[in-house]
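Trainee: I have a new model open. Can you show me how to read its symmetry and its backbone?

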There are 2 protein chains.
Amino acid sequence: MPLKSFIDVPRESHFPIQNLPFGIFRPRTGAARVGVAIGEYVVDLAALEQKEHFALGQDRQLFSTDSLNAFLALGRPAWRETRAILQHLLAADTPTLRDDSALRDRVFYAQKDVTMQLPARIGDYTDFYSSYHHAHNVGTMLRGPENALMPNWKWLPVAYHGRASSIVVSGTEVRRPHGQIKPPDTSAPVLGPTKSLDYELEMAFLIGPGNSLGEPVAIDRAIDHIFGFVLMNDWSARDIQAWEYQPLGPFLAKNFCTSISPWVVTLEALEPFRKPLLPQDPAPLPYLHLTNDFTYDIHLEARLQTAKLNVPHIITRTNFQSLYWSISQQLAHHAVSGCNLQPGDLLASGTISGAAEESRGCMLELTWRGANPLKLPNGETRKWLEDGDELTITGWCEEDGYRVGFGEVAGRVLPPL
Amino acid sequence: MPLKSFIDVPRESHFPIQNLPFGIFRPRTGAARVGVAIGEYVVDLAALEQKEHFALGQDRQLFSTDSLNAFLALGRPAWRETRAILQHLLAADTPTLRDDSALRDRVFYAQKDVTMQLPARIGDYTDFYSSYHHAHNVGTMLRGPENALMPNWKWLPVAYHGRASSIVVSGTEVRRPHGQIKPPDTSAPVLGPTKSLDYELEMAFLIGPGNSLGEPVAIDRAIDHIFGFVLMNDWSARDIQAWEYQPLGPFLAKNFCTSISPWVVTLEALEPFRKPLLPQDPAPLPYLHLTNDFTYDIHLEARLQTAKLNVPHIITRTNFQSLYWSISQQLAHHAVSGCNLQPGDLLASGTISGAAEESRGCMLELTWRGANPLKLPNGETRKWLEDGDELTITGWCEEDGYRVGFGEVAGRVLPPL
């Protein structure tokens with residue numbers, strides 16, 4: 001019999017009792033704390049902790065804090081225990097909360113009445129480049145289809161270190177950045193606002209327990225270090241990127257803002273949506289080989305809302321499953337040098353594009369560097385994002401009867417200073 | 001009349017009363033706290049704070065803490081006031097400490113009796129590539145002398161985001177990392193310990209007050225955000241780097257370990273050693289132009305101690321002054337996109353090489369990618385660093401009668417796991 005809550009959760013909700021994603025929320029009055037989403041509500045874990053509903057062998061301050069980092073450090077047994085307690089407390093046949101209206105008043109908040117914050121203090125942020133179709137499309141634009149992929153691409157999950165300080169939570173407006181741009185017809189670059197502001201549809205996972213500096217993580221233990229996923233929009237300025245990125249990679253083109261969704265969906269909630277990883281050729285080196293390596297079937301969409309559109313227009317429909325490299329491979333590769341991962345670190349997928357044109361995860365690919373502008377239903381066109389545009393990414397898994405969703409990550413473009 | 005302390009400081013010491021660098025130390029018993037170096041001693045600022053010798057308008061816990069971050073956030077007026085109080089308390093003619101042996105016993109520790117830690121919680125770490133000779137040498141090896149510099153190099157201070165979690169304090173041993181290496185004679189890469197472990201002689205500065213996300217920093221205010229300098233060794237694995245770095249820059253080749261010196265030398269202490277920035281051609285864009293832009297005259301050396309050498313052998317002699325881009329330019333460029341810098345962020349110079357062969361700041365350049373091995377005085381040779389080798393970087397400014405020095409950053413190479 002399916003798990004059911006005494007909280008009424010509509011069928012299309014992202015947050016049924018099977019999900020229970022973790023986040024940091026701030027009520028209208030009071031400090032930020034840890035919560036879990038169910039339906040239209042947030043469950044206040046700090047309040048439950050005070051009522052001694054958790055016995056994780058820790059001090060009582062695990063959830064009365066403005067980041068998940070302490071909880072992340074505890075690892076999977078504690079995460080599972082917390083999830084089991086919550087699923088029990090929220091179940092239709094458990095009277096503890098269901099029949100205690102005073103306690104319910106203290107523990108439940110309407111999501112519309114709270115402000116979400118970043119789920120963790122993110123120490124280091126790494127961005128992979130793990131979508132074959134994204135890498136192939138971008139490489140084709142730069143070097144032609146014969147040399148689209150660098151020789152290393154199918155041997156290792158390419159990645160770079162990103163900027164952690166400018167990661168913001170969904171809803172934060174993004175200021176169009178300035179940077180050096182090199183017009184094709186002049187010998188000198190100019191400083192100005194980017195003329196090719198882009199989104200990148202990505203997902204990212206939060207690190208739980210870390211590894212010590214100098215000690216790699218075996219691929220069959222990689223999952224032990226991963227807590228859960230958020231949606232990510234890795235805003236990018238393509239003209240700045242084109243001029244600055246050689247030889248050391250993107251810098252100002254990416255470090256002005258990266259947006260993530262506030263609710264972290266756990267690997268436990270994603271378990272029913274595991275799928276086999278797509279075949280890899282050449283076979284990965286042994287440190288990247290995991291028998292029965294897997295991915296997840298996660299539907300992903302990007303919607304564009306211009307100032308003039310009546311309703312947002314879906315411009316990307318893709319799936320997490322199309323990524324070439326698995327999260328176990330990404331983590332094992334990241335740590336093979338002995339690089340120490342820490343609770344709260346964020347590892348992102350890179351833009352997730354599929355084979356179909358509609359599955360391309362950024363404007364760069366969708367418009368082929370501006371050559372084929374997007375046509376919107378009201379007659380507007382877009383080569384790149386314009387001031388006032390709002391870009392929203394959403395994602396969900398679907399089973400008979402319920403969804404495990406990620407909510408959304410949204411951001412509106414502000415004009416340059 | 002020159003400033004003089006009642007503490008006896010030898011002429012060649014790095015830490016006279018003119019310097020007073022800040023760091024975090026741990027006595028044999030007790031918690032880590034903020035200290036300042038003078039001669040062979042550390043002054044315990046937490047102890048002085050308890051005695052109410054500082055009146056910075058803050059709570060009393062500014063120095064009873066294991067990082068400089070809170071102090072960094074206060075900005076230059078507070079830094080200057082603290083320095084003035086310390087120079088007064090340590091001056092030869094101030095009796096407060098000089099004549100109170102009980103207080104001196106509480107406030108002074110011998111440096112040899114304490115353990116130094118990282119000076120700050122480093123949120124984000126950025127590495128520039130600001131040495132013309134380094135970039136030119138590396139570019140010449142990769143692309144020949146005609147195309148040595150990328151077209152952007154003289155227009156902007158090229159940089160990339162590095163890994164913050166693996167920054168360690170001087171004395172920490174560095175484990176030879178594993179990574180993917182592509183032998184020239186095979187079609188597939190292999191996983192193995194790097195065969196071309198290198199050091200990079202760098203300096204790095206710590207950020208004080210930050211800027212808000214979306215708000216650039218004007219170049220004439222850049223210095224307000226900079227607290228002081230440390231020495232840095234950006235350990236690098238050249239074979240891993242060669243295979244992985246395209247198109248997104250270095251990753252595993254650098255993220256296994258980066259070492260810094262424990263004492264942060266303030267801009268105030270460096271003031272007497274300012275020098276005009278070398279001429280730049282082409283003229284920088286206005287946002288990078290500062291009238292009377294400056295650098296510092298800092299002598300820098302790298303010493304190699306092998307297991308067999310009787311004394312360390314100096315393999316690099318260079319100077320901070322040879323850098324093409326100034327620290328004001330680096331900071332203004334970093335923030336021009338609106339990227340938010342935060343207290344405790346670390347911005348590094350990149351390898352500091354001069355025009356002379358002996359001034360090359362890494363083995364890659366010194367041995368020209370292994371083609372011309374270093375010859376050591378005892379007959380040993382080195383293409384790259386070997387297990388058991390210890391690499392030490394030191395640096396100092398010199399005036400008539402005193403030095404303002406940085407101490408050193410040292411690390412010994414451990415064999416691979």
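Mentor: We will take the symmetry, then the backbone. Keep in mind that this model is predicted.

Trainee: By what turn and shift can chain B be laid on chain A?

Mentor: A turn of 180 degrees does it, with a shift of 0.0 Å along the axis. The RMSD is 0.0 Å. That is the relation of a two-fold axis.

Trainee: Which residue of chain B comes closest to the rotation axis?

Mentor: G249(B) does, with its C-alpha at 2.3 Å.

Trainee: Through which surface do the copies meet?

Mentor: Compare the interface residues. Of those in chain B, 100% are also interface residues in chain A, so the copies meet through the same surface.

Trainee: Now the backbone. Where is the peptide bond cis?

Mentor: Read omega. From Q246(B) to P247(B) the bond is cis, with omega near 5 degrees. P247(B) sits in the loop between α7 (238-244) and α8 (252-255) of chain B. Another cis bond joins D281(B) and P282(B), where omega is about 10 degrees. The loop between β18 (274-276) and β19 (294-296) of chain B holds P282(B).

Trainee: What is the phi of L20(A)?

Mentor: Phi is positive there, about 55 degrees, although L20(A) is not a glycine. L20(A) belongs to the segment before β1 (22-26) of chain A.

Trainee: And R369(A): what is its phi?

Mentor: Also positive, about 60 degrees, and R369(A) is not a glycine. Look for R369(A) in the loop between α11 (363-366) and β23 (374-375) of chain A.

Trainee: Is L20(A) buried or exposed?

Mentor: Under 20% relative accessible area means buried. L20(A) has 1%, so it counts as buried. R369(A), at 47%, is partly exposed.

Definitions and conventions: Residues are numbered from 1 along each chain as its sequence is written. Chains are lettered from A and ligands numbered from 1 in the order in which they are written. This is a predicted model: local features need pLDDT of at least 70, side-chain atom pairs count only at pLDDT 80 or more; totals for chains, interfaces and linings use all residues. Side-chain values use heavy atoms; hydrogens and water are left out. Copies are superposed by least squares on the C-alpha atoms of residues with pLDDT of at least 70 in both. Contact means heavy atoms within 4.5 Å. Helices (H or I, at least four residues) and strands (E, at least two) are DSSP runs, numbered from the N terminus. Buried means under 20% relative accessible area, exposed over 50%, partly exposed in between (1.4 Å probe, protein chains only).
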